[in-house]
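Here are my notes for your review. Please read them with the structure open beside you.

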Amino acid sequence: MNRFFATFPAGTYDIIVRDLKSYRLDELVIVENDDSSVVFDSRLSVEKIIEIRYFTNAYLVIERPEDVEAELIKDKYYSVAMLKDGTPAKIEARERAQIENQIEDALGLENNTHRSRNNFVVIERASGARFLTLRLARARFKREKLSAGELRPELAHVLCLAARIKAKHRVLDMFAGHGAIPLETVRGFGCRDVVAVDKRFIETRHEHAAISWLTADACSLSSFEDGSIDRVVTDPPWGMYEAEIADLDALYAGFSREAARVLKPDGFLVVLTGYDDAARSFEATEKLKPVAEWPILVSGMKARILKFQKTR
Ligand SMILES: C[S@@+](CC[C@H](N)C(=O)[O-])C[C@H]1O[C@@H](n2cnc3c(N)ncnc32)[C@H](O)[C@@H]1O
């Protein structure tokens, strides 16, 4: 068993914990958590850990630098940093010197913060727990370049987990933008029938055989039959997109009415929004029952994940 520390979108532990607990106990055991990180023991390989789709960063906890497997060391340079309760902090000089000596003696590395690809990080948790880690490389799909305004795949995955998406579901994103959510339903959940709507045609949008793109207004989806969609997962305008919209209340009321119409009975609508008055528009929509709400942070901005269920 190795011990790992991993971060995920702030505020979403209640959503991801269901997935973490779905691993067998001999594969993964949670040691402690807060609302943006988790410490766990696991027999899974480092490759498998970094592929866990909602982890934004993952770290291997190391007792002694000499225990680090050779294939995890990438070149001859290293750096040491500290994260205290999730925020970069200064390491006291004596402790830094001690850690640096250990790393240099055990692994023969050279200290060079700028060139280092071996990043050692002292993690200090609010619980008081403190340990040395090696930051693991991010999986390739988490390193792909994002377009302006595009959601990170880790957060798109969390939204899909909140919606309990399964491969067999027909999924709709009514404000798809570049298509981060539709792409994650395909890559992360194996969905084969995904509809992505946006009022604009965006050239850099993600194209995929399983995704049908439609340029349309989310408040008027006449080409969709009533009760034809299993899940609506969407990120409507808020933050940098709010300025483009003349009447945000009317937009939210309009799309929630359409979501309620196209969803199958018992289907879920999951909405990511930083618009404070969003709830008002959903209240007015019959047939959408609020079932959960999670306050989260998106790039430091306050937002919420709202989950509704279509009533019968
Ligand atoms: C917050 S962004 C979505 C970003 C997206 N999640 C991504 O990862 O790229 C909101 C999107 O809603 C679109 N939009 C605004 N009003 C709309 C409407 N009435 N119907 C459909 N799309 C609309 C905008 O063009 C924008 O792409």
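1. Helix 6 first. The buried residues in helix 6 are Ala180, Ile181, Pro182, Leu183, Glu184, Thr185, Val186 and Phe189. That is eight of the ten residues of helix 6 (residues 180-189), so the helix is largely enclosed by the rest of the structure. Please keep in mind that this is a predicted model.

2. What do the buried residues of helix 6 pack against? Their partners are helix 5 (153-162), strand 10, strand 11 (193-198), strand 12 (211-215) and strand 13. After helix 6 comes Gly190, with a positive phi near 75°.

3. Helix 7 spans residues 248-262, 15 residues in total. From first C-alpha to last it reaches 21 Å, close to the 21 Å expected at 1.5 Å a residue. At its start, a side-chain oxygen of Asp247 comes to within 3.2 Å of the backbone nitrogen of Asp249.

4. Burial in helix 7 takes in Leu248, Leu251, Tyr252, Gly254, Phe255, Ser256, Glu258, Ala259, Ala260 and Val262. The cover over these buried residues includes strand 10 (170-173), strand 13 (229-234) and strand 14 (263-273). It also includes helix 8 (278-283), strand 15 (288-298) and strand 16 (301-310).

5. Now the ligand. Which of the 22 residues around the ligand come nearest? They are Leu151, His178, Asp198, Ala218 and Asp235. By class, the shell around the ligand has twelve nonpolar, four polar and six charged residues.

6. A polar side-chain atom of Asp235 sits 2.8 Å from a nitrogen atom of the ligand. For Ala218, a backbone N or O atom is 2.9 Å from a ligand nitrogen. For Lys199, a polar backbone atom is 3.1 Å from a ligand nitrogen. The ligand taken alone exposes 610 Å², and the protein buries 97% of that.

7. Is Asn112 buried or exposed? It counts as buried because its relative accessibility is 18%, and the cut-off for buried is under 20%. Asn112 sits in the loop between strand 7 (110-111) and strand 8 (118-124). Its side chain reaches the backbone nitrogen of His114 at 3.2 Å. Leaving aside residues up to four places away in sequence, Asn112 touches Tyr77 and Tyr78.

8. Asp105 belongs to helix 3 (residues 93-107). It is exposed, because its relative accessible area is 69% and the exposed class starts over 50%. The C-alpha atoms of Asp105 and Pro236 are separated by 53 Å. Along the chain these two residues are 131 residues apart.

9. Asp85 is not a glycine, yet has a positive phi of about 50°. Asp85 lies in the loop between strand 5 (77-84) and strand 6 (87-89). At 48% relative accessibility, Asp85 is partly exposed.

10. Ser299 is the other angle. Its phi is positive, about 45°, although Ser299 is not a glycine. Ser299 is in the loop between strand 15 and strand 16. Ser299 counts as exposed, at 76% relative accessibility.

Note on methods. Residues numbered from 1 in each chain as written. Predicted model: local features only at pLDDT ≥ 70, side-chain atom pairs only at ≥ 80, totals over all residues. Heavy atoms only, no water. Near = heavy atom within 4 Å. Polar contact = N/O pair within 3.5 Å; in protein donor to acceptor, adjacent residues only side chain to side chain. Areas by Shrake-Rupley, 256 points an atom, 1.4 Å probe, with all protein chains shown as cover. Nonpolar A, V, L, I, M, F, W, Y, C, P; charged D, E, K, R; others polar. Helix = DSSP H or I, 4+ residues; strand = E, 2+ residues; numbered from the N terminus. Expected span 1.5 Å × (residues − 1). Buried < 20%, exposed > 50% of the residue type's maximum accessible area, 1.4 Å probe, protein only. Contact = heavy atoms within 4.5 Å.
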